[in-house]
Amino acid sequence: MSLRNAYAVKQLSIFLENRKGRLFAVTDTLKNANVNIRALAMAESAEFGILRLVVDNPEKAKSTLSANGFTVKEQDLFAVEVEDEPGSFSRVVEALSNADINIDYTYAFVGNSHKAVLVFRVADEHLEKAMIELKNNGIILVEPGFFYS
Amino acid sequence: MVEHRVVASEVVGSSPIVHPIFFIPERNYMFPNDNLNREKLESIQSQRLKELVRRVYHLVPFYKEKMDKMGIKPTDINHISQIKYLPFTTKQDLRDNYPFGLLTCSMDNIIRIHSSSGTTGKPTVVAYTKEDMGIWREVMGRVLKMADVGPGDIVHNVYGYGLFTGGLGFHDGAEEVGAAVVPSSGGFTKRQLLLMKDFGATIITGTPSFVLHLAEAAKDEGYDIQKDFRLRAGFFGAEPASAGLKKTIADVWGIGYHEVYGLSEIIGPGVSAGCREGRLHVFEDHFYPEIINTDTGEVLPEGEEGEIVFTTLTKQALPILRYRTKDISSLNYLPCKCGRTIVSMESVKGRADDMLIVNGVNVFPSQVEHVLTKVEGLTPNYVIVVEKKGALDKLEVWVEVDERTFEGGIGALEVLKQKLESEMLNDLYINAKIKLVEPKTLERSMGKAKRILDKREMEGK
């Protein structure tokens, strides 16, 4: 079994215009569907933005958002758990850099008991390779079950 | 002989340049056909129509077929009042016969070809014989005579030169009346202003939006418009202008505003032009106007509003019977205070179809759609939004982002946006700003079928 099948985390990207109330429209839709947001990041350009979410139920979130007229794209990420201390993030980035893997973007949040969880997006064709490299460097990959309910 | 136009000071507000050694010619020069009595004019028109109908019947299969179908023989038409029995010609007819299907003569006799933008990549073509160029020069001269333009005048022509008939049409007209023409074309605002000042331009010809833009730029550049420039009149066309915009332009430059109307299918600019009384006189000895009910095709009486159609009475290469302009207007046969007896038409308020004019360039929604569909994967759900930004028209195309175009990244969308903008410029010659919007936006705001949101103020006449 590939690492990707075991460790890929589903992320939803939602296209949003830079207008008042658009972000709320998303969060309200998710609230009404009883979807819990586990991690998020927002990317913005001058005129539009992209909201990136890891949620407890990606299938349900995607179908609800699509039905409400949002443009949603589902993509695979991976997540790692590191010690919440200086140098941890750097160690992960270094491993990917040494393997010549480009990071599209990353975001992070503080987990339980001095741990931090980092999520990374790399090109799909590099995903498997990235996971192997990290495993070989002793970095702990987080199973998607950690996010999903 | 050098003319000078002291009379201009009455209408333009800026003082004329007086050279006392030049004698002052007759005021308000009038081309002979501009003030004929109606009877004489109708006799000229009737004679020309008779010849025209015979010529197109025998030389253009398209017209022979149409007339045969309607049961009209060329010999049935002997008076201008019988023009209503003749078939109409539409823009689609011109496209169907692209490029040279309606010509009455071989390419040996053609000396100029112009073309205007089409809706689906297929443009319309107009060709001119030497005689046709003579007619065009004559009517453009008659246009410029509305402000007594002549020797000694410097005509600064900011219409675009090229396939568009505006630039070369005004250029030829200025030469015809013996003025010095500066073929500066569009763009290069700062250099335009410098040349206008240094050369001492007295007449400007261009689109209203660009000439207003020049005034705003002149202020920004620190010019004192009344002191630094010697303009006394301007000729404006190729896009609709509200009464308010006309007044603004006349006031800011201190010039007389002369509207010029035309279509390349008929001749280019020079079908009609505004006199100093503000009436838009049709050169009806060449271009015979009728107002029709746009739905039934029935000719409407004088004064009633409807679609204006033109018949080219004298054109040789591409004569056209009753061309459906889609422009809404009305006619007024009362002789004018300016001395002209030729009919005048109401300024065009709008189009019967959905063509947009953006900074003088024709834009059809279908052209925009064509560009969108060319870009892979894009569902063309879009709205064209036009508004004024300062003096210039600003065009935005709002395009929905859907699952197929959205890969989840910002960069790809930025690339898509840039690609669409450069395709718009390449294909349509317009600077359109692409705005990516959420799918339901367009339905919510205006319903799917509506493709145009024109926010420009057209407060009418």
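## A buried residue to start with

B:Asp148 is buried, with 22 other C-beta atoms within 10 Å. Here a residue is called buried if 20 or more other C-beta atoms lie within 10 Å of its own, exposed if 12 or fewer, and partly exposed in between, with C-beta atoms placed from the backbone. The phi of B:Asp148 is near 50°, a positive value in a residue other than glycine. You can find B:Asp148 in the loop between α5 (130-144) and β3 (154-157) of chain B. Helices (H or I, at least four residues) and strands (E, at least two) are DSSP runs, numbered from the N terminus.

A word on what you are looking at: this is a predicted model, in which local features need pLDDT of at least 70 and side-chain atom pairs count only at pLDDT 80 or more, while totals for chains, interfaces and linings use all residues. Residues are numbered from 1 along each chain as its sequence is written, and chains are lettered from A and ligands numbered from 1 in the order in which they are written.

## Other loops of chain B

Now try B:Phe188: is this residue buried or exposed? B:Phe188 is exposed, with 12 other C-beta atoms within 10 Å. B:Phe188 has a positive phi of about 50° although it is not a glycine, and its place is the loop between β4 (180-182) and α7 (189-199) of chain B.

Another loop to visit lies between α4 (91-96) and β1 (110-116) of chain B, where you will find B:Pro99. The peptide bond from B:Tyr98 to B:Pro99 is cis, with omega near -5°.

## A helix with two sides

In helix α10 (residues 243-253) of chain B, the residues B:Leu245, B:Lys246, B:Ile249 and B:Trp253 are buried. They cover an arc of only 105° around the axis, which puts them on the same side of α10(B); the arc is that of the directions from the helix axis to the C-beta atoms. An α-helix has 3.6 residues a turn, so residues three or four places apart point the same way. On the other side of α10(B), B:Gly244, B:Lys247 and B:Asp251 are exposed.

What do the buried residues of α10(B) pack against? Their partners are α8 (208-220), α9 (225-228), β6 (233-237) and β7 (256-263) of chain B. Contact means that the C-beta atoms of two residues, placed from the backbone, lie within 7 Å. Just after α10(B), B:Gly254 takes a positive phi of about 65°.

## The sheets of chain B

In chain B, 9 strands form an open sheet in the order β4-β3-β5-β6-β7-β8-β9-β14-β13, and the pairing is mixed. Strands β4 and β13 (331-332) of chain B stand at the edges, each with a single partner strand, so one side of each is left without a neighbour in the sheet. Two strands pair if DSSP finds at least two bridges between them. Strand β9 (residues 280-282) and strand β14 (residues 344-345) of chain B pair in the antiparallel sense over 2 bridges, and B:His281 stands opposite B:Ser344 in β14(B). Helix α5(B) packs on this sheet, touching β6, β7 and β8 (268-274) of chain B, and its direction makes about 30° with that of β8(B). Axes are lines fitted to C-alpha atoms, for helices over the stretch in contact, and angles run from 0 to 180 degrees between N-to-C directions.

Chain B also has an open sheet of 3 strands in the order β10-β11-β12, with antiparallel pairing. Its twist averages 35° from one strand to the next. Strand β11 (residues 306-312) of chain B and β12(B) pair over 4 bridges, with B:Glu307 opposite B:Ile328 in β12(B).

## Over to chain A

Chain A has 5 helices and 7 strands, and of its 149 residues, 29% count as buried. Helix α4 (residues 88-98) and α5(A) pack at an angle of about 125°, with their axes 9 Å apart. That makes α4(A) oblique to α5(A); angles under 35 degrees count as roughly parallel, over 145 as roughly antiparallel, 65 to 115 as roughly perpendicular and the rest as oblique. Where they meet, A:Val92, A:Ala95 and A:Leu96 in α4(A) contact A:Ala130, A:Glu133 and A:Leu134 in α5(A).

Helix α5 (residues 127-136) of chain A also holds A:Glu128. With 16 C-beta neighbours inside 10 Å, A:Glu128 counts as partly exposed. Leaving aside residues up to four places away in sequence, A:Glu128 touches A:Ser2, A:Leu3 and A:Arg4. The C-alpha atoms of A:Glu128 and A:Arg4 are separated by 5.6 Å, although these residues are 124 apart along the chain.
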